Amino acid sequence: MSTFVDLRSDTVTQPTPAMRAAMMAAPLGDDVFADDPSVNALQERIADMLGMEAALFVPTGTQSNLSAIMAHCQRGDEYIVGQMAHCYRWEGGGAAVLGSVQPQPLAHQADGTLDLHAITDAIKPDDAHFARTRLLCLENTLGGKLLPFEYVQAATALAKEKGLARHLDGARLFNAAVAQAAALGSSAQHEARRMAQCFDSVSVCFSKGLGAPVGSALCGSRALIDRAHRVRKMLGGGMRQSGLLAAAALHALDHHIERLQDDHALARRLAEGLHGISGLAVEAPQTNIVFVDLHGDARARAPDLMAHLADSGIRATGLYRLRFVTHLDVDAAGVDRAVAAIRGFFPA
Ligand SMILES: *Cc1c(COP(=O)(O)O)cnc(C)c1O
């Protein structure tokens with residue numbers, strides 16, 4: 001048993017021995033000259049999986065989203081985005097700072113979606129007073145929530161009809177695809193592709209649930225990826241023998257997609273284990289993230305709970321709203337340990 005059960009994020013995973021072996025065996029070149037065979041293979045593979053023309057391997061999901069926004073938009077354009085979306089709230093304002101692209105954030109509905117009327121109302125007329133509305137950004141999963149597929153279809157169809165480009169921040173696209181496939185009796189690959197086909201660009205993280213150490217891919221048309229390539233260079237994201245990292249991502253695509261359902265099952269196990277504790281409101285997880293809100297006395301004791309969890313070797317984030325994320329390096333015993341630590345803190 002490891003000392004810690006680390007439920008802070010699915011980014012904390014260590015590359016497995018098999019992934020490390022794949023990295024060590026990877027053929028390498030200089031990707032700035034476009035001749036790293038492993039990077040080229042990864043880009044072709046992910047583009048192909050999602051039914052896109054081309055893909056670009058980038059160091060982070062943040063750079064992937066920013067490259068997408070800057071490839072879709074010019075200075076003085078704007079993108080419609082959710083208040084809690086990563087590419088609005090969690091990226092240091094990069095689109096505004098570096099791209100001179102203005103966000104138009106909208107409140108989320110309870111299920112994580114953006115109201116279609118609110119999207120329509122946010123699209124500005126062609127008038128010198130206004131920024132030019134150019135892009136709709138959705139995120140799936142969003143805080144672990146799977147956007148209903150009918151909604152994704154409707155929102156992206158609306159955007160297209162209004163002349164907006166559509167970007168998906170699919171950092172956890174494969175978590176969404178696995179959950180959607182389970183609900184529909186379909187395959188994760190099929191659902192990932194169907195989802196991607198609703199968008200002009202899709203960003204996917206390899207370093208979250210897929211378990212690679214570094215890297216994301218931006219996928220889209222050849223022309224869009226060519227523009228994003230220039231942006232990546234400007235942002236300092238051109239890498240050299242990055243096939244070492246691409247090989248890890250390729251290994252993840254081969255071996256770590258289907259197993260995301262294990263993470264989802266562990267999240268349910270955690271939520272069920274916490275069910276019924278007074279003062280704790282546990283949201284039923286749809287994928288690999290469990291949120292727990294503390295109320296009343298439990299809320300007052302939140303700092304003590306966090307100290308108790310730390311002493312018990314359980315790592316999570318939040319205070320009054322705790323977040324637990326399951327992943328490749330957590331097993332049922334670890335989840336049970338987290339449940340026992342929390343139950344031990346609250347009187348039965
Ligand atoms: C993690 C994440 C990103 C990008 O994260 P990086 O740390 O920059 O790789 C983007 N969007 C979402 C939804 C994420 O969860």
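Which residues does Gln63 touch, not counting residues up to four places away in sequence? The legends below take up this contact and several others in a predicted model.

Figure 1. When residues up to four places away in sequence are not counted, Gln63 touches Val58, Arg232, Leu235 and Gly237. The relative accessible area of Gln63 is 11%; since the limit for a buried residue is under 20%, Gln63 is classed as buried.

**Figure 2. Packing of helix α2 against helix α9.** Helix α2 (residues 37-50) and helix α9 (residues 188-196) meet at an angle of about 85 degrees, and their axes lie 7 Å apart. The two helices, α2 and α9, are therefore roughly perpendicular to each other. On the α2 side, the contact is formed by Asp48, Met49 and Leu50; α9 contributes Gln189, Ala192, Arg193 and Ala196. By residue class, the contact of α2 with α9 comprises four nonpolar, one polar and two charged residues.

**Figure 3. The largest nonpolar core and the contacts of Phe206.** The largest nonpolar core contains 58 residues, and Ile46, Leu50, Phe174 and Phe206 are those with the most contacts inside it. Helix α11 (residues 243-255) supplies the largest share of this core, namely seven residues. Leaving out residues up to four places away in sequence, Phe206 touches Leu42, Ile46, Phe57, Gly211, Ala212, Gly215, Ser216, Ala217, Ala249 and Leu253. Another core, of 29 residues, lies apart from the largest one; Leu280, Ala302, Leu322 and Phe345 are among its members.

**Figure 4. Ala252 within helix α11.** Ala252 is a residue of helix α11 and is buried, its relative accessible area being 0%. Ala252 touches Met19, Leu210 and Ile257, with residues up to four places away in sequence not counted. Pro15 stands 237 residues from Ala252 along the chain, and the C-alpha atoms of these two residues are separated by 9.4 Å.

**Figure 5. Leu136 in strand β5.** Strand β5 (residues 132-139) includes Leu136, which counts as buried at 1% relative accessibility. Not counting residues up to four places away in sequence, Leu136 touches Ile80, Leu114, Ile119, Ala155, Ala159, Leu164, Ala165, Arg166 and His167. Leu136 and Phe4 are 132 residues apart in sequence, and their C-alpha atoms are 40 Å apart in space.

Figure 6. Cys87 is buried, with a relative accessible area of 5%.

Definitions and conventions: Residues are numbered from 1 along each chain as its sequence is written. This is a predicted model: local features need pLDDT of at least 70, side-chain atom pairs count only at pLDDT 80 or more; totals for chains, interfaces and linings use all residues. Side-chain values use heavy atoms; hydrogens and water are left out. Buried means under 20% relative accessible area, exposed over 50%, partly exposed in between (1.4 Å probe, protein chains only). Contact means heavy atoms within 4.5 Å. Axes are lines fitted to C-alpha atoms, for helices over the stretch in contact, and angles run from 0 to 180 degrees between N-to-C directions. Helices (H or I, at least four residues) and strands (E, at least two) are DSSP runs, numbered from the N terminus. Angles under 35 degrees count as roughly parallel, over 145 as roughly antiparallel, 65 to 115 as roughly perpendicular and the rest as oblique. Ala, Val, Leu, Ile, Met, Phe, Trp, Tyr, Cys and Pro count as nonpolar, Asp, Glu, Lys and Arg as charged, and the others, Gly among them, as polar. A nonpolar core is a set of buried Ala, Val, Leu, Ile, Met, Phe, Trp, Tyr and Cys residues joined through side-chain atoms within 4.5 Å.
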